[in-house]
Structure formats: C-alpha cells, structure tokens
Amino acid sequence: MNIAFIGLGNMGSAMAQNLIKAGHQLRVYNRTRSRAEELKGAHVAATPGEAAEGVEIAITMLADDFALDSVLIGPNERQGLLASLPANAIHISMSTISVALSRRMAAAHAERKQHYVSAPVFGRPEAAAAAKLFIVAAGPSAQVERCQPLFDAMGQKTFVVGEDASGANLIKLNGNFLITTVIESLAESFALVRKSGLDANQFLEILTSTLFNAPIYKTYGGLIVADKFTPPGFKVPLGLKDNRLLLAAAEEAAVPMPMASLVRDRFLAAVAQGFSELDWASIARISANDAGL
C-alpha cells in the first residue's frame, strides 16, 4: 500500500519501520525533519499535506490533541492532512487523544468523503520495535478490514471494538489509567516494604510469581525497585495528559473516578519536582519521598 506516516517519535519510527519491512511504500513527515530522514526506505515530505497526497492510508502517531490538530490543518489549510488526503482514503489515528477530538475527526473526514479509523496501541517502544503492539481499533467495519494488513505488520493482536471510532480512544485512556493505578499501588507497597527493612527485590519476585504474574507488574515493578526511569518509555507529561483526557471523558459521562484524581496529583507533584524527562513510573518516587526514603 501507499501510506503516509506522520509522527516519528520513539513509537512512530519503530511502527513505520515495520511497515517498510512488510513491503509498504511510505511517505513520512515529522516536525523535526531529521527524525524523518533517519528512516531508511521512506520518502520524506515537507508538510503533512505533501505526505498525504495520493495515498491510500494516512497514519498519525502524535503526542497529543494539539499536535494532531496541527497536522490536520498544517501550516495553512492547504498543507494539512485533511485537505490533501484523497476521497475514499483512510486516516488511521493511532495516537492517544481525547474522545472529543476523535469524534470531531470522524465528522471532518466524513464531510470530505474520507474515512476515519481510530487505532490506539498498548505497548512501550520495545514492543513497537518488535511489532508486538496490541491495537484497539474502531470505525466502519469495511475500513477497519482494509487496515488489518497494516495492523498485522505493527502488532501482535488487534481488538475491534465497534463502529464508533471514539470508543477505541476511551478504551485506551482507561487502559492507561489502570497502568497508573498499578504504578501507584506498587510504589506505596514498595515504600512500606523498604521502610520496614525488607528486601524489595524479593518482594517483587514473590508478587510476580504468585498473585500478580503479569507483564505489567514485572515491567513497572522492576523499574520502581531499580529506581530506573531513564531512558523514558513514556514521559511524565504524557501520563498527566492522558489522565486529564480520562477525567474529561469521565466528567462528560458523569462518572466519578476518585483514583484518577489521586493519580493526577501524583503526576503534578512529579512535574513540580523536576521529573518531566523521566518515565511516568517515576511517580513512584513521590511515595518514597513521602515515606522519608
């Protein structure tokens, strides 16, 4: 397929490389052009609109709502993805964005006889490099089916959750919220274990060999025990952003989420204490500091 790929950060660059390996033709755009030039086998475009001209599918993998809005419109309207994407082409948004923006994009593409599929992913950069992402897709079923070969090149499994594209974004935000609750609960437990003079590594081994034998506990438990938050797989400000989007969706639906509010304060404290360049698991240091460790 002829594909535009826009957004070549730690996740996007690995995902784009896997599409090239699978034999697809890529035009790529990244705000920092040097990142795009590092991707071998792809044509580097000067604007999002140039990347999207004549393609069958455009994929965006961007940091937040603002970045995605900027790409849709471009430096001016004619240079944006929305104006250049051909009719009947598909925009796959794989970013973690708000439910509200996902709904607006679906409507904007429909007005131009384009298609929109939301397909956020679960997995850290190492999973993206190994094509082991879990992809949550939503949108018109015929268009999701058109996208499946691309999902297969980037991930190990695709979950199709319905025709309403924004549903995939809500699931992604909830999933990230649950990760943060795991991080917070592990942080508090490790603080108590360490302050009580017990071996945190042994505690982690017991947890992940019995009650919590799952990758999420092994990955984040390992980072917390080692106090190793660089290089970041997912930075603190991105965690704060996702938490904010979750709380906005919860407020719209009139669903109280008190744990999400607590985690928000952890992220704010982490930013205040200078952790913005660290992995989001570094919020565990707040519990350690509160315990006098």
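Predicted model: local features only at pLDDT ≥ 70, side-chain atom pairs only at ≥ 80, totals over all residues.
Helices, in the sense used here, are DSSP runs of H or I with at least four residues, and they are numbered from the N terminus. On that basis, Pro-231 falls in the loop between H11 and H12.

**The sheets**

Strands of a sheet pair through backbone hydrogen bonds, either parallel or antiparallel. Six strands make up an open sheet with parallel pairing, and their order is S3-S2-S1-S4-S5-S6. Strand S3 (43-44) and strand S6 (115-118) are found at the edges with a single partner strand each, so one side of each is left without a neighbour in the sheet. Within this sheet, strand S1 (residues 2-6) and strand S4 (residues 57-60) run parallel and are joined by four bridges, and Ala-4 stands opposite Ala-58 in S4.

An open sheet of three strands has the order S7-S8-S9, and its pairing is mixed. Strand S8 (residues 133-137) runs parallel to S9 and is joined to S9 by five bridges, with Ile-135 opposite Thr-158 in S9.

**Helices against strands and against each other**

Helix H10 (residues 200-209) packs with helix H11 (residues 215-226) at an angle of about 175°, and their axes are 10 Å apart. Angles over 145 degrees count as roughly antiparallel, and H10 and H11 are therefore roughly antiparallel to each other. On the H10 side the contact is made by Ala-200, Asn-201, Leu-204 and Thr-208, while H11 supplies Tyr-217, Lys-218, Gly-221, Gly-222 and Val-225. Sorted by class, this contact of H10 with H11 has four nonpolar, four polar and one charged residues.

**The cavity**

A search of the whole structure finds one cavity of 30 Å³ or more, and the largest cavity has a volume of about 50 Å³. Its lining consists of Leu-173, Asn-176, Phe-177, Thr-180, Gly-239, Asp-242, Asn-243, Leu-246 and Trp-280. Helix H9 (166-195) and helix H12 (236-252) are the elements that give two or more residues to this lining. By class, the lining of the largest cavity has four nonpolar, four polar and one charged residues.

**Backbone features in loops**

Most residues other than glycine have a negative phi, and most peptide bonds are trans. Asn-88, in the loop between helix H5 (81-84) and S5, has a phi near 75°, which is a positive value in a residue other than glycine. The peptide bond from Thr-230 to Pro-231 is cis, with omega near -5°, and Pro-231 belongs, as noted at the outset, to the loop between H11 and H12.

Terms used
Residues numbered from 1 in each chain as written. Heavy atoms only, no water. Pairing = 2+ DSSP bridges. 1 Å grid on protein atoms, 1.4 Å probe; cavity = no way out; pocket = protein on both sides within 12 Å on 5 of 7 lines; lining within 4 Å. Points joined across faces, edges and corners; volume = space filled by probe spheres on them. Nonpolar A, V, L, I, M, F, W, Y, C, P; charged D, E, K, R; others polar. Axes fitted to C-alpha atoms, helices over the stretch in contact; angles between N-to-C directions. Parallel < 35°, antiparallel > 145°, perpendicular 65-115°, else oblique. Contact = heavy atoms within 4.5 Å.
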